Amino acid sequence: MSETNLFESKLELVRSHIRSFPDFPKKGIVFRDVCPILKNPAALAALTDLFEEHVRTSYQQVDLIVGENLKGTTSVLMEHGVLMLPAVPPGLDARGFLFGPLLAQRLGLGFVLIRKKGKLPGSTTSVTFDLEYGQAEVEIQDDVVDPGQKVLIIDDLLATGGTLCAAWELLKQQQAEVLGCLVVIELLDLQGKNKVKPLPVFSLTHY
């Protein structure tokens, strides 16, 4: 099988394990569920393969993978008629955390967390960002990123771009060099890429 066909085969395997549930959690909403990817070893390996191949071919040096648990924009997605949230297994409350550690391990890199304010111990740096109805505050531990380190941000979803932008701002405050963003799903109508320009965004699937 050619490299192009192998890429498409892996991508199709990932796409086929994103389930759609119309009218959930309420009428007019389409829920996109990524849990089948986590349940299926082949699909999860394919997703990790695709991210790994992109990173290895696109970046000469990466020092850290950064994952975020920043979502708070359900109302934004509902207003646009689509709700794109994963059904997270028991014991896990994060999204970028689901795929980030797997990718980091493949690449031989460390994995760093960005979380909602108050969830991380020790000295932290935080930023506030706007939601559709109010604000949210997120933080990173002060000793986990060294100045000048080259990092990639990974998340499951790019919607309005607010959470990726907040993560980018936190990492800039840590004097890290953010190389780009990796996402499983991108909502094209919300034009989230515009908010993180000029950062490159690699999206596996689009809706």
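Student: How do the axes of helix 1 and helix 3 cross, and is helix 1 oblique or perpendicular to helix 3?
Tutor: Bear in mind that this is a predicted model. The axes of helix 1 (residues 3-16) and helix 3 (residues 41-58) come within 8 Å and cross at roughly 130 degrees. Angles of 65 to 115 degrees count as roughly perpendicular and those over 145 as roughly antiparallel, so the relation of helix 1 to helix 3 is oblique.

Student: Is the crossing of helix 1 with helix 3 left-handed or right-handed?
Tutor: The crossing concerns the way in which helix 1 passes helix 3, and its hand is left-handed.

Student: Which residues meet where helix 1 contacts helix 3, and how many of them are nonpolar, polar and charged?
Tutor: From helix 1 come Phe 7, Lys 10, Leu 11, Leu 13 and Val 14, and they meet Ala 42, Ala 43, Ala 46, Leu 47, Asp 49, Leu 50 and Glu 53 of helix 3. Sorted by kind, the residues of this contact between helix 1 and helix 3 are nine nonpolar, no polar and three charged.

Student: What span should helix 6 have, and how far apart are its end C-alpha atoms?
Tutor: Helix 6 covers residues 162-173, which is 12 residues, and at 1.5 Å a residue it should span 16 Å.

Student: Which residues of helix 6 are buried?
Tutor: Buried here means under 20% relative accessible area. In helix 6 that description applies to Gly 162, Thr 163, Leu 164, Ala 166, Ala 167, Trp 168, Leu 170 and Leu 171.

Student: Where does Gln 175 lie, and is Gln 175 buried or exposed?
Tutor: Gln 175 follows helix 6 and lies in the loop between helix 6 and strand 8. Its phi is near 65 degrees, a positive value in a residue other than glycine. Because exposed means over 50%, Gln 175, with a relative accessible area of 54%, is exposed.

Student: Where does Asp 23 lie, and how does Asp 23 count by relative accessibility?
Tutor: Asp 23 is in the loop between strand 1 (19-22) and strand 2 (30-33), and its phi, near 60 degrees, is positive although the residue is not glycine. Since the relative accessibility of Asp 23 is 42%, this residue counts as partly exposed.

Student: Where is Pro 198 placed, and what is omega for the cis peptide bond that joins Lys 197 and Pro 198?
Tutor: Pro 198 has its place in the loop between strand 8 (177-186) and strand 9 (201-206). The bond joining Lys 197 and Pro 198 is a cis peptide bond, with omega about 10 degrees.

Conventions
Residues are numbered from 1 along each chain as its sequence is written. This is a predicted model: local features need pLDDT of at least 70, side-chain atom pairs count only at pLDDT 80 or more; totals for chains, interfaces and linings use all residues. Side-chain values use heavy atoms; hydrogens and water are left out. Axes are lines fitted to C-alpha atoms, for helices over the stretch in contact, and angles run from 0 to 180 degrees between N-to-C directions. Helices (H or I, at least four residues) and strands (E, at least two) are DSSP runs, numbered from the N terminus. Angles under 35 degrees count as roughly parallel, over 145 as roughly antiparallel, 65 to 115 as roughly perpendicular and the rest as oblique. A crossing is left-handed if the near helix is turned anticlockwise from the far one by less than a right angle, and right-handed if clockwise. Contact means heavy atoms within 4.5 Å. Ala, Val, Leu, Ile, Met, Phe, Trp, Tyr, Cys and Pro count as nonpolar, Asp, Glu, Lys and Arg as charged, and the others, Gly among them, as polar. The expected span of a helix is 1.5 Å times one less than its number of residues. Buried means under 20% relative accessible area, exposed over 50%, partly exposed in between (1.4 Å probe, protein chains only).
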